[in-house]
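Open the model in your viewer and keep the sequence beside it. This tour tells you what to select at each stop.

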Amino acid sequence: MVLRPPIQVQNEVEGPTWSVPSRRSRRAMGLLFCSLVALTASLTVSLVGCQQNGGGPVAVWPKILPSPLPRVSLGAEPTVRVRIVRRALEVTLGSGSDLVIGPVASQQDLASAQRFASPVVISHDSRGFVIRGHQGVRWALDALRVESASPITVGSVVYPQMLVIHPSSVLGKVDVVNHVSMESYLPGVLEKELYSSWEPGTFVAQAVAARSYAITEHYKHSKLAKRFFDLESTTASQAYVGLNASSRAREAVAQTRGLVLSYKGRIVPGYYSSCCGGSSQDAAIAFPHGPDIAPLRGLRRAGWCHQSKRYRWGPLSREIDALGRRMVAWAVKNKHPLAQLKRIVQIQVTKFNRSGRPALFIVLDTTGKRYSLTAESFRFACNANAPGLGKLKSHAKLYSSHVQVQVVGDKVQFTDGRGFGHGVGMCQFGAEAMAQNGIDPAQILSYYYPQSILRRAY
Ligand SMILES: [Zn+2]
């Protein structure tokens, strides 16, 4: 299929250019590993003003502070902390060389590192870390640092560089975090976020977006110092599969080393999602304290992504009671006032962004209370798991918050669904179609992040 470029692309890029890969006619295939970037953030901390009985906002939920974006000149390549295991009873580590396990830097005076032949099984209980199979090895430390002369295997996945094991927030379980330099991290992101058959140019554009996003997350969480990781290794941040990356992924990262999206001297978080459906969302609407800057504002777009199965979707019909239970379960988990919801009477979209995407949903219940939800919070609430209800099948989910909604009897009807994911920033199916048409990765990035400039951060 030949896709005509329906827009004039303005190239505002300064810096390097790439050799454009030979154009191959490929159809985008199947369902992409949807990169719902920053989904976790939206799940746990969407910013909503609560309105009850039609009154003005009575509560700001939740209270979090905005974080400035990092300046472009980082100087050195950052090391990111990627959580690769969450809440495991135990982890099995392997390596071609001995594993060197010991305290993290802040606790080096409390214990000495020891060498272990792999595999090693580590767990944590009320008295500290336990190395199973090695009698007497127990450490009452805050975290364990794990290194080896060879890459370390966790389960079946091989990771570069260093691991740190932390007690999980759930007693008796552990989290594992890969501390990895940015350029070693990114190939394992591209590998999972794109189809292996996609154009080299799409990989190049994705490398810059993923780097820009990861740096801003790293900067934010390092500054906040509230958690021991910057990114999840799932679509909650961006998917990551360690060292298991193709040459196409590795080359795209190498070609763009240190390159980031910038705007007014700051690094732009390179949000992206699977399919924008022809119109993009504002970061400031989709994410708590998402920056309100030109590269991340919603715009109407040409339908480059129409090859995605989710370019248009629906209609969907959901039972009103079950939908309400899912919304309440989501609200309880996220401490949102919607937890008080009774039977749904009406759902309305009360605000749209400039591209026509819903920005704010109001849910009205039988008691007359009105609950407001940002677009992404609404989607997550509709798709949430709830006690006594099975996991929603894929075809019953809202793929995006770009949808029309109406209560009809005991059903909620969703019609005219558009796109897959939050719709902020780069559209992966659109980028692939542009690359198939020979459009340069720099131009693709310029199209999806208007007014951004490519610069080298290190
Ligand atoms: Zn799109």
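**Salt bridges, then the zinc ion**

Select Glu147 and Arg145: they form a salt bridge, with the closest N and O atoms 3.1 Å apart. A salt bridge here is a side-chain nitrogen of Lys or Arg within 4 Å of a carboxyl oxygen of Asp or Glu. Glu147 is partly exposed at 34% relative accessibility, and Arg145 is partly exposed at 28%. (Buried means under 20% relative accessible area, exposed over 50%, partly exposed in between, using a 1.4 Å probe and protein chains only.)

This is a predicted model: local features need pLDDT of at least 70, side-chain atom pairs count only at pLDDT 80 or more, and totals for chains, interfaces and linings use all residues. Residues are numbered from 1 along each chain as its sequence is written, and side-chain values use heavy atoms, leaving out hydrogens and water.

Next, pick Glu77 and Arg257. Their side chains meet in a salt bridge at 3.2 Å, N to O. The two residues are 180 apart in the chain, each in a loop.

Move to Asp292 and Arg297. Their closest N and O atoms are 2.7 Å apart in another salt bridge. Arg297 is partly exposed, at 31%. The structure holds 16 salt bridges.

Now select the zinc ion. Which protein donors does the zinc ion have? They are Cys276 (SG), Cys305 (SG) and Cys427 (SG), lying 2.3 Å from the ion. Donors are N, O and S atoms within 2.8 Å of the metal (3.2 Å for Na, K and Ca); water is not among the atoms, so sites may look incomplete. The donor spacing in sequence is C-x28-C-x121-C. Finish on Cys305 and Cys427: both are buried.

Notes
Helix = DSSP H or I, 4+ residues; strand = E, 2+ residues; numbered from the N terminus.
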